[in-house]
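Keep the 3D view open and follow along.

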Amino acid sequence: MRVSRRAERIEPFYVMELAKAATRLATESAGQRPMIYLNIGEPDFTAPPLVQQAAERAIRDGRSQYTQALGLPALREAIAGWYGTHFGATVDPARIVVTAGASAALQLACLALIDAGDEILMPDPSYPCNRQFVQAAEGEARMIPCGPDQRFQLSAEQVRAHWGERTRGVLLASPSNPTGTSIARDELQRIATTVRERDGITLIDEIYLGLSHDAAYGQTALTLPDGLGGTVISVNSFSKYFNMTGWRLGWLVLPPALVPAVERLAQNLFICPSAISQHAALACFEPDSLAEYERRRAAFKARRDYFIPQLNRLGLTVPVMPDGAFYAWADVRALCQRWGIPPEASEPEAGGSWPLAFELMRRCQLAATPGRDFAQAEPGRYLRFSTANAMEQLQEAVARLEAAW
Ligand SMILES: Cc1ncc(COP(=O)(O)O)c(C=O)c1O
């Protein structure tokens with residue numbers, strides 16, 4: 001059967017392809033030491049007890065009917081309250097749209113704002129699915145190389161320089177996946193100003209903002225001064241900070257004028273996000289759950305503080321210390337050289353972090369994600385490690401790397 005040109009254009013999500021290979025290799029080498037999985041960007045924690053109990057209650061009480069397309073009013077209020085207590089931000093619940101994860105939030109925002117041929121600027125490296133959300137809306141993602149000297153994030157100057165006839169806006173993530181680095185507040189303000197002057201959209205993915213380790217960066221774009229906070233579209237999720245990846249729940253904060261358009265799309269495309277997950281998520285904002293989340297955030301920070309210096313010591317240099325999330329974006333050129341892998345090649349399979357990732361699985365039983373998904377400019381130079389893993393696993397990973405090096 002003929003597949004649409006739209007579907008043909010969607011690239012594979014190599015993170016998932018590599019995860020399949022890791023599972024296969026782990027099975028083939030059963031009997032050897034077990035594989036350590038530092039490849040998937042998913043917290044090793046699950047939803048805390050109160051959230052689990054709330055889900056059980058919702059199922060028992062039959063609260064599984066469709067909800068409003070914008071989400072349960074109580075949940076939208078709870079999220080707004082969290083912005084107040086956690087970030088000192090006043091957010092009207094009427095601006096919040098609950099979605100099936102940040103993925104649906106990004107998809108809804110792109111479908112609501114992008115017309116065929118519109119161009120969206122984003123940093124290279126970026127979360128790979130962003131390009132596909134833009135493409136699915138028939139727009140074009142324009143990746144702009146952003147190096148370590150700019151924390152792998154776009155600058156206002158680049159936005160001005162690359163803004164063209166067809167540019168509609170920017171799609172940023174702060175902290176970012178794969179680098180864990182954020183955009184400095186004053187730079188973000190300059191970007192949002194530049195975009196507003198051009199009547200464009202600043203779409204910012206703040207899915208990792210709850211896992212910020214540095215007060216200088218841990219502020220939401222919704223509080224940008226000069227009314228800019230009211231112009232940005234912020235994406236967030238219960239997946240990362242709230243440890244609920246498989247529950248498929250996230251949200252958007254929109255400028256009020258956009259809510260009706262997004263509501264119409266949400267009604268038609270999704271009807272509503274999972275009712276059980278929404279009822280359960282209300283318990284995320286109970287004091288006990290919030291205290292647990294903060295303990296877990298401290299654990300994520302301790303893992304970062306251990307693992308990144310170890311990578312640097314081993315020559316897998318992480319050029320910018322992540323200020324949030326749970327990633328290490330390591331420059332692997334030295335290890336490629338050591339193991340006789342060409343650091344670059346015209347085909348990603350032939351050189352750099354892609355073949356290195358397979359070599360790491362074979363030699364060290366250690367899975368990490370090559371840069372290929374995230375970066376177009378230098379796909380082979382970096383490897384992404386996820387530190388969302390128990391400290392003992394990270395220590396074992398370091399020991400294996402050291403022995404193999
Ligand atoms: C930057 C970023 N945005 C969005 C997503 C998708 O998250 P969700 O599970 O909320 O759909 C991810 C998942 O890894 C991510 O890293």
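## Starting at R9

R9 is partly exposed in this predicted model, with a relative accessible area of 43%. That value falls between the 20% that marks the limit for buried and the 50% that marks the limit for exposed. You'll find R9 in helix α1, which covers residues 5–9.

Which residues does R9 touch, once you leave aside its neighbours within four places in sequence? They are Q132 and Q135.

## The whole protein

Zoom out now. The protein has 14 helices and 12 strands. Its radius of gyration is 21 Å, close to the 22 Å that the globule rule gives for 405 residues, so the protein is as compact as a globular protein of that length. Along the principal axes, the C-alpha atoms fill a box of roughly 55 × 55 × 55 Å.

Of the 405 residues, 56% count as buried. And here's how the chain folds back on itself: take the contacts between residues at least 6 apart in sequence, and 72% of them join residues at least 24 apart.

## The seven-stranded sheet

Look for an open sheet of seven strands, in the order β2-β8-β7-β6-β5-β3-β4, with mixed pairing. β2 (96–99) and β4 (140–145) stand at the edges with a single partner strand each, so one side of each has no neighbour in the sheet. Direction ignored, neighbouring strands here are turned by 25 degrees against each other on average. Helix α5 (residues 101–113) packs on this sheet, touching β2, β5, β6, β7 and β8. The direction of α5 makes about 160 degrees with that of β7.

Which way do β5 and β6 run, and how many bridges join them? They run parallel, joined by five bridges, and V170 stands opposite T202 in β6. β5 also pairs with β3 (residues 119–124) in the parallel sense, over three bridges, with E119 opposite T167 in β5. β5 is mostly covered, as six of its seven residues are buried. Moving on, three bridges join β6 (residues 201–205) to β7 (residues 233–237), again in parallel, and I204 stands opposite S234 in β7.

## The three-stranded sheet

There's another open sheet, made of three strands in the order β9-β12-β11, and its pairing is antiparallel. The edge strands are β9 (327–331) and β11, which each pair on one side only.

Two bridges join β11 to β12, and P370 has L383 in β12 as its bridge partner. Helix α13 lies across β11 and β12, running at about 45 degrees to β12.

Which residues of α2 are buried? V15, L18, A19, A21, A22 and L25 are. They cover an arc of only 165 degrees around the axis, which means they sit on the same side of α2.

On the other side of α2, K20, T27 and E28 are exposed. The buried residues are covered by elements including β1 (36–37), α13 (353–364), β10 (366–367), β11 (369–370) and β12 (382–386).

Most residues other than glycine have a negative phi, and most peptide bonds are trans. Now look at N243: it isn't a glycine, but its phi is positive, about 55 degrees. N243 belongs to the loop between β7 and β8 and is buried, with a relative accessible area of 4%. A325 is not a glycine either, and has a positive phi of about 60 degrees. A325 lies in the loop between α11 (287–313) and β9 and is buried too, at 3%.

For cis peptide bonds, check the one from D124 to P125, with omega near 15 degrees. P125 is in the loop between β3 and α6 (129–136). A cis bond also joins S174 and P175, with omega about -10 degrees, and P175 lies in the loop between β5 and α8 (185–197).

Technical notes:
Residues numbered from 1 in each chain as written. Predicted model: local features only at pLDDT ≥ 70, side-chain atom pairs only at ≥ 80, totals over all residues. Heavy atoms only, no water. Buried < 20%, exposed > 50% of the residue type's maximum accessible area, 1.4 Å probe, protein only. Helix = DSSP H or I, 4+ residues; strand = E, 2+ residues; numbered from the N terminus. Arc of directions from axis to C-beta. Contact = heavy atoms within 4.5 Å. Pairing = 2+ DSSP bridges. Axes fitted to C-alpha atoms, helices over the stretch in contact; angles between N-to-C directions. Rg over C-alpha atoms; globule rule 2.2 N^0.38 Å.
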